[in-house]
Amino acid sequence: MTLHRIAAALAALLFALAPAAWPAPATVTIDISKFAFNPKEITVAPGTRIIWTNRDDTPHTVSSRDKIFASKALDTDDKYEYTFATPGDFNYYCVVHPYMTGAVHVRKP
């Protein structure tokens with residue numbers, strides 16, 4: 001095999017493994033409406049970005065029970081996002097209305 005062919009094969013391999021060839025991480029939205037997180041529970045793959053949007057006229061927060069993530073008070077149409085990098089179960093709630101709860105389950109595909 002010539003040096004030119006080796007270089008071409010190596011370039012093809014590197015191109016195939018380049019991050020651009022990998023699928024983009026998913027983005028999932030959760031609405032906050034009628035004093036509830038919708039959907040209340042969701043299962044996603046690691047690397048998924050979740051965007052919560054407050055659709056109520058009342059401020060709400062998105063705060064994990066284990067203090068991994070926490071939003072400021074979200075007014076109407078405000079958004080908060082968090083990317084879940086590692087597998088696990090992440091329970092969250094609204095600090096202003098603690099009966100509002102949700103869960104994100106992160107599982108490897």
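Is D31 buried, exposed or partly exposed, and what is its relative accessible area?

1. The structure is a predicted model. D31 is partly exposed, with a relative accessible area of 29%.

2. Strands of a sheet pair through backbone hydrogen bonds, in either the parallel or the antiparallel sense.

3. Strand β4 and its two partners. β4 covers residues 48–54, and six of its seven residues are buried. With strand β1 (residues 27–33), β4 pairs in the parallel sense over six bridges. With strand β6 (residues 79–84), β4 pairs in the antiparallel sense, again over six bridges. Individual positions can be checked in the model: T27 stands opposite R49 in β4, D31 has T53 as its bridge partner in β4, and I50 stands opposite Y82 in β6.

4. T53. This residue is found in strand β4. T53 is buried, because its relative accessible area is 2% and the limit for buried is under 20%. The side chains of T53 and K79 are joined by a polar contact of 3.3 Å. Leaving out residues up to four places away in sequence, T53 touches I30, D31, I32, D77, D78 and K79.

5. The salt bridge between R55 and D31. How many salt bridges does the structure hold? There are five salt bridges. In one of them the side chains of R55 and D31 meet, at 3.4 Å from N to O. R55 lies in the loop between β4 and β5 (63–64), whereas D31 is in strand β1, so the pair ties together parts that are 24 residues apart in sequence. R55 is partly exposed, with a relative accessible area of 42%.

6. The salt bridge between R49 and E81. The closest N and O atoms of R49 and E81 are 3.4 Å apart in this salt bridge. R49 lies in strand β4 and E81 in strand β6, so the pair ties together parts that are 32 residues apart in sequence. R49 counts as partly exposed at 29% relative accessibility, and E81 counts as partly exposed at 42%. Side chains of opposite charge can pair when their charged atoms come close.

7. D78 forms a salt bridge with K72, and the closest N and O atoms are 3.4 Å apart. D78 counts as partly exposed at 24% relative accessibility. K72 is exposed, with a relative accessible area of 56%. Salt bridges that share partners also join D31, R55 and D77 into one network.

8. F37. This residue lies in strand β2. F37 is buried, with a relative accessible area of 3%. Setting aside neighbours within four places in sequence, the contacts of F37 include I30, D31 and I32, as well as W52, Y92, Y93 and M100. F37 and N54 are 17 residues apart along the chain, and their C-alpha atoms are separated by 9.1 Å.

9. The other sheet. Which strands form the sheet that contains β8, and in what order? This open sheet of four strands has the order β3-β8-β7-β5, with mixed pairing. β3 (41–44) and β5 stand at its edges with a single partner strand each, so one side of each is left without a neighbour in the sheet. β3 and strand β8 (residues 101–106) pair in the parallel sense over four bridges. Within that pairing, T43 has H105 in β8 as its bridge partner.

Note on methods:
Residues numbered from 1 in each chain as written. Predicted model: local features only at pLDDT ≥ 70, side-chain atom pairs only at ≥ 80, totals over all residues. Heavy atoms only, no water. Buried < 20%, exposed > 50% of the residue type's maximum accessible area, 1.4 Å probe, protein only. Helix = DSSP H or I, 4+ residues; strand = E, 2+ residues; numbered from the N terminus. Pairing = 2+ DSSP bridges. Polar contact = N/O pair within 3.5 Å; in protein donor to acceptor, adjacent residues only side chain to side chain. Contact = heavy atoms within 4.5 Å. Salt bridge = Lys/Arg side-chain N within 4 Å of Asp/Glu carboxyl O.
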